[in-house]
There are 2 protein chains.
Amino acid sequence: MHRTHTCGELTISDLHKTVVLSGWVYKSRDLGGMTFIDVRDRYGITQLTFDVADDEALRAKARELGREYVIKVTGKVIERESKNPKLVTGDIEIKVSSLEVLSKAKLPPFTIEDESDGGEDLRMRYRYLDLRRNPLRSNIELRHRLAQEVRRYLDDKRFLEVETPVLIKSTPEGARDFVVPSRMNPGEFYALPQSPQTFKQLLMVSGFDRYFQIVKCFRDEDLRADRQPEFTQIDCEMAFVEQEDVLNLFEGLIRHLFMTVKGIDIGEIPRMSYEEAMRLYGSDKPDLRFGMPFVTLNDVLKGSGFPVFDNAELVVGINAEGCAAYTRKQLDALTDFVKRPQIGASGLVYLRYNEDGSLKSSVDKFYDSDQLRHWADAFGAKPGDLLLVMAGEARSVRKQLSELRLEIASQLGLRNRNKYAPLWVVDFPLLEWDEENARYHAMHHPFTSPKPEDIPLLESEPGKVRANAYDLVINGTEIGGGSIRIHDSQLQSLMFNRLGFTPEEAQKQFGFLLEAFTYGAPPHGGIAFGFDRLVAIFAGLDSIRDVIAFPKNNSGRDVMIDSPAPISDEQLTELAIATKS
Amino acid sequence: MHRTHTCGELTISDLHKTVVLSGWVYKSRDLGGMTFIDVRDRYGITQLTFDVADDEALRAKARELGREYVIKVTGKVIERESKNPKLVTGDIEIKVSSLEVLSKAKLPPFTIEDESDGGEDLRMRYRYLDLRRNPLRSNIELRHRLAQEVRRYLDDKRFLEVETPVLIKSTPEGARDFVVPSRMNPGEFYALPQSPQTFKQLLMVSGFDRYFQIVKCFRDEDLRADRQPEFTQIDCEMAFVEQEDVLNLFEGLIRHLFMTVKGIDIGEIPRMSYEEAMRLYGSDKPDLRFGMPFVTLNDVLKGSGFPVFDNAELVVGINAEGCAAYTRKQLDALTDFVKRPQIGASGLVYLRYNEDGSLKSSVDKFYDSDQLRHWADAFGAKPGDLLLVMAGEARSVRKQLSELRLEIASQLGLRNRNKYAPLWVVDFPLLEWDEENARYHAMHHPFTSPKPEDIPLLESEPGKVRANAYDLVINGTEIGGGSIRIHDSQLQSLMFNRLGFTPEEAQKQFGFLLEAFTYGAPPHGGIAFGFDRLVAIFAGLDSIRDVIAFPKNNSGRDVMIDSPAPISDEQLTELAIATKS
């Protein structure tokens with residue numbers, strides 16, 4: 001037997017018990033004739049004592065233990081002299097009577113501490129050691145807890161978890177597929193799913209009524225910090241529902257998760273139309289932990305001879321409350337920020353509403369004091385505020401100001417990781433114009449239904465058709481998205497046509513779904529949540545990498561197992577493929 | 001709103017309520033001026049009535065509904081005249097006041113009934129319609145329930161569900177891998193996991209202590225009825241355990257599943273060594289729903305001049321109790337059975353113990369009546385029994401007799417699907433001689449630990465080394481298997497060496513694991529259950545195909561979505577591969 005207890009559970013109520021513990025040597029120190037060793041496992045830390053007066057040889061053996069050795073000890077629970085109130089086990093220690101080394105350990109390449117001294121590359125290579133650190137372990141524990149609670153909630157609501165296939169078929173729509181050559185069908189390939197979208201819709205046609213799955217999905221895209229080639233979705237679908245039903249049910253899920261996992265009642269989740277989100281925050285995923293809405297200033301600032309404003313499609317600004325005292329240098333830094341190539345603005349105009357009530361702008365020569373007063377009034381500004389204004393082509397300038405809004409909020413400490421501002425964004429456009437390919441793309445995916453009242457616009461003004469589509473946004477991050485689907489074969493065909501599919505292409509790729517809809521399809525809709533991002537939000541992290549046990553790096557490599565790697569010629573031959581250089 | 005209730009919940013207590021129901025038209029019949037329609041959803045069936053006297057147009061509309069149309073009705077709950085006690089909703093019906101067709105349906109290619117008239121191929125092609133049938137739906141519901149209970153049990157035992165990567169690295173050991181070409185790393189490939197074996201062991205090195213995952217695994221093997229290219233495992237691992245700990249904990253899991261899902265207390269699971277299982281049942285997965293153990297007859301039957309027995313390594317038989325009255329034709333059929341090429345025996349000898357106490361064998365000329373009496377006594381046979389004996393090379397004849405034992409039991413109705421006989425088979429050999437490649441293979445996998453007392457035999461008699469390995473068998477089907485692992489880098493290297501790996505190969509394939517073991521590895525072990533098979537056992541089915549929502553056929557094809565399929569030249573070019581014919 002390797003242990004009677006874990007390293008995280010013995011307390012004063014276990015006094016005088018003889019116990020067996022196993023774990024990793026965490027810290028070790030000598031004091032007089034005593035050696036103290038902290039032994040660690042997933043559950044906690046317990047202090048062991050070895051006294052030269054009791055057993056000289058045993059104490060000598062204890063002194064030889066290195067960090068991260070795996071040991072097993074037998075001993076007696078005794079009361080500690082200097083208690084540690086931070087630990088559950090802090091009132092006791094184990095007076096060890098026997099010690100066995102289960103596994104020696106080389107010196108780890110970085111310290112196994114909350115704040116490690118190892119760089120990212122080294123920690124990725126030795127991921128199994130990095131996972132010993134508390135922050136990573138607790139992220140993975142949090143992930144488990146969230147997955148359990150998701151399943152509990154959905155099971156209570158009579159959702160069935162149904163596994164859909166991983167080896168499916170490549171489709172040209174969407175991102176790039178990972179493919180898998182078929183040995184039994186030479187020249188043919190499976191694809192890994194980007195999502196189980198069509199399968200969950202078929203399950204609705206089958207009458208499963210409520211489906212979910214926590215499932216791996218795959219996209220062969222160029223990677224960024226918050227993207228992984230394989231990622232996990234909470235994938236859900238319901239039959240006989242309208243948008244309101246879906247929003248209510250999954251609002252319940254999110255509230256359940258915050259309540260059970262973090263003990264926070266986030267209250268009702270507000271809703272905002274896509275149009276409003278773009279107008280007020282320049283983003284379809286606004287961070288609502290703080291206000292700072294956009295104020296449109298075309299009427300206030302155009303026509304005074306300042307050409308930048310006069311020629312602009314949109315003049316729009318935000319109020320950085322309490323920032324009137326920003327120095328020239330600080331203001332220049334903000335201008336530099338918006339001029340960075342990835343933001344691409346041409347400049348930034350400011351108006352200070354000084355504490356003494358005076359107004360001072362960077363464009364004073366074009367505006368008199370009355371005009372400046374109007375400008376300030378348009379924001380409802382008060383003394384101490386700083387108004388920041390940008391102008392240009394509407395779509396671009398909204399995006400640029402949105403970035404500035406987030407930057408200012410970060411500077412002001414308004415993006416508190418312990419505050420949660422969830423939001424439903426609704427009424428997305430159905431289609432989005434793709435300049436490059438000169439055609440419309442589905443904004444969500446081709447199965448999203450248009451709002452019935454907008455269907456007539458599909459021919460005349462496709463860009464104006466609104467979809468029964470919705471996103472869940474938390475703190476400026478898109479956590480989930482979904483829609484009410486098309487369940488009519490003819491409307492689905494029309495949609496494929498609008499997206500530039502020929503009838504033959506549509507038939508070849510999605511014929512099975514179109515056919516399924518002819519055998520009695522219920523109205524249905526659903527949602528998919530990015531589980532990695534959801535865990536990251538709960539953990540207060542920006543990157544999803546730290547909530548995944550074994551992530552890949554930005555080149556899609558697992559540097560720990562050194563994958564991908566070449567395969568043997570025999571394998572290539574069996575699969576009837578060859579590599580090209 | 002599409003419904004106020006499901007089709008499975010309205011009872012007499014809902015009388016007079018106005019309700020909205022949606023579902024599929026199941027059955028329809030006319031009687032006088034009335035039309036009765038059974039509307040179906042996942043939850044049940046409710047009878048709708050349309051009366052010509054109330055609304056002629058509505059009744060006419062109802063008569064036009066075809067099978068599998070999706071409809072929505074509003075109506076009043078009324079008491080039924082002729083009640084149907086088989087249905088929850090059998091006391092009531094809905095007097096419909098409005099009817100909407102949500103989706104028309106073509107006539108399905110086979111009937112949506114418990115016993116369908118559709119052949120397997122047709123049902124696979126229209127899997128979404130096949131899934132509407134009660135038997136399939138209830139299999140998928142059962143699967144969901146089992147998965148939930150697995151998670152509940154393991155969560156209670158503090159296991160953490162940790163997702164391991166799907167895009168990993170190809171290894172030469174074991175079955176064929178499916179591979180995935182990497183676009184970002186041209187000429188290199190990921191592989192899909194045959195199991196998360198090394199990752200779960202690394203999680204133990206990381207200190208996760210108790211890990212599980214219900215996870216898709218992949219094997220590119222030629223397929224049979226009970227094999228699929230993608231299948232699901234309940235994968236588990238624990239640190240600081242010995243074999244006994246693992247068996248106890250997972251015996252608890254299996255008992256929990258039988259209790260919560262089927263309401264059956266299966267009691268303690270008996271244990272049998274591999275050696276005993278082979279000796280008594282000729283199989284490492286004996287079906288213990290019935291007895292019929294092997295009786296070795298070398299001492300009893302050799303040396304009487306019957307050359308088949310005299311020259312045999314093993315003479316062994318079973319007692320088909322109560323079968324003495326088998327006709328000549330029945331006995332010939334049994335002989336034909338064992339002579340089938342897939343079994344390959346040369347013949348079958350019988351001894352009838354007639355009801356009148358007389359003994360009659362097929363080899364009477366070699367044995368006198370005293371010898372026949374000894375023969376019968378060796379089985380403890382009684383009047384009415386039929387003793388069946390085979391002889392030959394020990395390994396082959398055990399296998400053949402094992403098949404005969406199962407065949408007889410099937411004929412006698414002893415393989416009752418509602419009876420459950422679980423068994424732990426323990427003390428498996430560590431290595432198994434591979435004639436073809438003239439080397440030893442790991443019987444479980446290369447990470448399985450030898451019993452410490454057998455380690456000295458690794459050099460001298462590798463075939464005799466027993467492993468800390470165990471299988472869970474239910475009703476003659478292997479449901480799970482596992483082992484205590486090697487956690488010592490040196491022993492693991494020795495094991496790779498014994499399996500014919502050069503140190504370089506071992507380092508290249510499993511260097512990360514060998515290295516991990518040098519940083520402090522706890523003793524650990526685990527088990528993996530075939531989830532598809534477990535569900536099939538619970539559902540009383542032989543094939544796993546009916547417990548998988550979207551299975552593939554024997555050529556690895558999904559005939560519904562027509563996958564695998566060729567991919568575009570652009571995709572091939574991006575992936576830097578070419579197909580060869």
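In this predicted model, 59% of the 581 residues of chain A count as buried. The secondary structure of chain A comes to 17 helices and 23 strands, and its C-alpha trace spans about 90 × 75 × 55 Å along the principal axes. Of the contacts in chain A between residues at least 6 apart in sequence, 65% join residues at least 24 apart.

One helix pair in chain A shows how such elements pack. Helix 4 (residues 134-156) and helix 16 (residues 531-539) of chain A meet at an angle of about 120°, and their axes lie 10 Å apart. Their crossing is right-handed. The table lists the residues that make the contact.

| Helix of chain A | Residues in the contact |
|---|---|
| Helix 4 | Asn139(A), Leu142(A), Arg143(A), Leu146(A), Ala147(A) |
| Helix 16 | Phe531(A), Asp532(A), Val535(A), Phe538(A), Ala539(A) |

By class, this contact has 7 nonpolar, 1 polar and 2 charged residues.

In chain B, helix 15 (residues 503-516) is bent. A straight helix of 14 residues would span 20 Å at 1.5 Å a residue, but helix 15 of chain B spans only 16 Å between its end C-alpha atoms. The helix has a kink of about 90°, centred on Phe510(B). Phe510(B) is also one of the buried residues of helix 15, which include Ala506(B), Gln509(B), Gly511(B) and Phe512(B). Both chains contribute to the cover over these buried residues: it includes helix 2 (120-125) and helix 3 (127-130) of chain A, along with helix 5 (197-205) and helix 14 (489-498) of chain B.

Conventions. Residues are numbered from 1 along each chain as its sequence is written. Chains are lettered from A and ligands numbered from 1 in the order in which they are written. This is a predicted model: local features need pLDDT of at least 70, side-chain atom pairs count only at pLDDT 80 or more; totals for chains, interfaces and linings use all residues. Side-chain values use heavy atoms; hydrogens and water are left out. Helices (H or I, at least four residues) and strands (E, at least two) are DSSP runs, numbered from the N terminus. The expected span of a helix is 1.5 Å times one less than its number of residues. The bend at a residue is the angle between axes fitted to the seven residues ending there and the seven starting there. Buried means under 20% relative accessible area, exposed over 50%, partly exposed in between (1.4 Å probe, protein chains only). Contact means heavy atoms within 4.5 Å. Axes are lines fitted to C-alpha atoms, for helices over the stretch in contact, and angles run from 0 to 180 degrees between N-to-C directions. A crossing is left-handed if the near helix is turned anticlockwise from the far one by less than a right angle, and right-handed if clockwise. Ala, Val, Leu, Ile, Met, Phe, Trp, Tyr, Cys and Pro count as nonpolar, Asp, Glu, Lys and Arg as charged, and the others, Gly among them, as polar.
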